[in-house]
Amino acid sequence: MRYCINCCIHLLPNDLHRQCFRCRGPDHNNQKCPVCRGENKIPLYTDSKQMKWLAVLEVRTDHCESWNGFFCLRKGKLCSLMFGLIIMTLVMVSYILTGAKHGLLLIPSPFHYGAFASNPSLMDNESLSDMKDYYQPSKMNISYVKDYPSIKLIIDTITSKIEFITRQRPDLEELKKQEPHMFSVIPNKFLPNSKNPCWYEEYRGNTSTDPYATNSYALYSKRFRIIFEYLRKVFWNHLDHYQDRHYRLRCLPHFYIIGQPKCGTTDLYDRLRLHPDVRFSAIKEPHWWTRKRFGIIRLRDGFHDRYPVEDYLDLFDLAAHQIQSLLQSDAGQERGRRSNIIIGEASASTMWDNNAWIFFYDNSTEGEPPFLIQDFIHAFQPNAKLIIMLRDPVERLYSDYLYFASANKSAEDFHEKVAESLQLFEGCVLDFSLRACVYNNTLNNAMPVRLQVGLYVVYLLDWLTVFNKDQILVLRLEDHASNMRYTMHMVFQFLDLGPLSEKQEALITKSPASNTRRPEDRSLGPMLPTTKAILRDFYRPFNTKLAQVLFDDAFLWKRT
């Protein structure tokens, strides 16, 4: 078989292929034509063997074909060039969008916030030269300084919307409708011979019953199981038997360390535990009032089964056993001795975390929660005592960031998160009240840093709507760190604790500080001075109101 190399038409053996014009022109000569004579023919090989059965594919060098190949090559290069230009355009767009966020653009972005260095008063009378001595800024930090006016406008907007309005306290009957089971478990009156609020509750189980089998704290956390294993072993030894019935002593805390996080509450907790008349819950921070009773273990994990009040009361069984042993001792019965042991609870979320209300309580007014944690605590314990430990909210926020951030921690990253959080908070106060924004679950989860926790006076005023001022002790971490003996004496006096020997007092006051900053976080250094200036402006009106409420200018934190 033969094929025409010009038109690839199958030729018969006797076919002269006269119909192909390119093969046979008007002056064509078979003898002189190199094609017809078989010249310039290239056999096609497959697997190193010549293809004989399909004849030979003839390829002829032709100038026209060469020019066609050239144009095909030019077309391929043109497509490649266009594709390259598209890729470069996408890269440039990505560079512009990400560079504006991270401060990498040569031209400052209007969305990049920094500190305002032209006004020294904004940094508590710190000059720009002081800033340079305190921190050597990089080029990125210089852009923060230049862009400060834009974020200052945000702070001014927030400040203009600040309004401290007294909330309406809900009625007791309304509270009972919301939490009927809780009110059915906790009585109205407590034992008169115990300083701590305790009462006897009938236990209907038998010797084969595990009293902690369904306790959610034991089920969801492995580290608490050892505690409950011990409680199971000694449980029956502490039951009171009367007329063929069994009774167990139940207790609530006498005092609460309610806040704030990263303000020294752990250190205060560890020192108070050393007092012979003080006991605490089996877990330092049960977070029952704020989270667990709503079924919140971690907000990012969603809701679990709600922890009933019985699970919370189980945490005080160790302390209740000691109170019961004292009340039932021979000396206690003969002399009518009163137990002076008091129980504390130290969940640092109690003061501020009311984020779960929106999922459980209706009838909210303009986005404000109708019921707060303190409403329920006061309903059961109107004589409860509350301890609040505070620190400079600016430093508290940075410490909070260093403690809870998981990766890529830096002063620059902290600055970016502060700027973003301020924008979100501004958007809220433009549409809602200050209280609605402070207790807004969606906003609080969206903010990269917890700005709202440092708004101490907003929370304190709400606690003062239900508790008297003499029931709340407010301390400063700065005072606690500089004169620990003085602050601990204030706490002892507030809780009406008995005197201590010199050895006991030395053990409490001279112990090393607890929960200090981790070495890897210290290596990151302080926050940018520009970030500090921003936060000082933001917190200033709240600190001013706090100092007025407490009649103490130390809470202005002018210099810390």
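Guide: Proline 286 counts as buried in this predicted model, because its relative accessibility is 1%, under the 20% cut-off. Proline 286 sits in the loop between E9 and H11. Its contacts, leaving aside neighbours within four places in sequence, are Tyr217, Ser281, Lys292, Tyr312, Leu315, Glu345 and Ser347.

Take Ser347 next, another partner of proline 286. Serine 347 lies in the loop between strand E10 (342-345) and helix H14 (357-360). Serine 347 is buried too, with a relative accessible area of 1%. Not counting residues up to four places away, serine 347 touches Ile257, Ile258, Lys284, Glu285, Pro286 and His287. Glycine 259 is 88 residues from serine 347 along the chain. Their C-alpha atoms are separated by 7.2 Å.

Now go back to the loop between E9 and H11, and to arginine 306. Helix H11 covers residues 309-314. At 38% relative accessibility, arginine 306 is partly exposed. Its contacts, residues up to four places away aside, are Glu179, Lys292, Arg293, Phe294, Gly295 and Phe360. Lys292 is also listed among the contacts of proline 286. Arginine 291 is 15 residues from arginine 306 along the chain. The C-alpha separation of that pair is 8.9 Å.

Follow the chain into H11. The side chain of aspartate 314 forms a salt bridge with that of arginine 250, at 2.7 Å from N to O. Aspartate 314 and arginine 250 are both buried. Salt bridges with shared partners join Glu201, Arg248, Arg250, Asp314 and Asp317 into one network.

Another bridge in that group pairs the side chains of aspartate 317 and arginine 248, at 2.8 Å from N to O. Here too distant parts of the chain are linked: aspartate 317 is in helix H12 (residues 317-327), arginine 248 is in strand E7 (residues 245-251), and the two are 69 residues apart. Aspartate 317 is buried, as is arginine 248.

The side chains of glutamate 229 and arginine 232 meet at 3.2 Å, N to O. Glutamate 229 and arginine 232 are separated by about one helical turn, because they are 3 residues apart in helix H9 (residues 225-234). Glutamate 229 is partly exposed at 42% relative accessible area. Arginine 232 is partly exposed at 24%. The structure holds 28 salt bridges.

Next, helix H10 (residues 265-272). H10 is mostly covered, with 7 of its 8 residues buried. Those buried residues are Thr265, Thr266, Asp267, Leu268, Tyr269, Arg271 and Leu272. The cover includes strands E8 (255-259), E9 (278-280) and E11 (385-390). It also includes helices H21 (477-482), H22 (484-494) and H23 (502-509).

A helix pair comes next. The axes of helix H5 (residues 148-160) and helix H25 (residues 529-550) come within 10 Å and cross at roughly 10 degrees. H5 is therefore roughly parallel to H25. H5 contributes Tyr148, Ile151, Lys152, Ile155, Ile158 and Thr159 to the contact. H25 contributes Ala533, Ile534, Asp537, Phe538 and Pro541.

For the surface, turn to leucine 85 in helix H2 (residues 63-102). Leucine 85 is partly exposed, at 43% relative accessibility. Together with Leu78, Leu81, Met82 and Met88, Leu85 makes a nonpolar surface patch of about 510 Å².

Last, the whole chain. The protein chain has 25 helices and 12 strands. Of its 560 residues, 45% count as buried. The accessible surface comes to about 30,400 Å², with 55% of that belonging to carbon and sulfur atoms. Among contacts between residues at least 6 apart in sequence, 75% join residues at least 24 apart.

Key:
Residues are numbered from 1 along each chain as its sequence is written. This is a predicted model: local features need pLDDT of at least 70, side-chain atom pairs count only at pLDDT 80 or more; totals for chains, interfaces and linings use all residues. Side-chain values use heavy atoms; hydrogens and water are left out. Patches are made of residues with over 30% relative accessible area and no salt bridge: like charges are joined within 9 Å, nonpolar side chains (Val, Leu, Ile, Met, Phe, Trp, Tyr) within 5 Å. Accessible areas come from the Shrake-Rupley method with a 1.4 Å probe; for residues, only the protein chains shown count as cover. A salt bridge is a side-chain nitrogen of Lys or Arg within 4 Å of a carboxyl oxygen of Asp or Glu. Helices (H or I, at least four residues) and strands (E, at least two) are DSSP runs, numbered from the N terminus. Buried means under 20% relative accessible area, exposed over 50%, partly exposed in between (1.4 Å probe, protein chains only). Axes are lines fitted to C-alpha atoms, for helices over the stretch in contact, and angles run from 0 to 180 degrees between N-to-C directions. Angles under 35 degrees count as roughly parallel, over 145 as roughly antiparallel, 65 to 115 as roughly perpendicular and the rest as oblique. Contact means heavy atoms within 4.5 Å.
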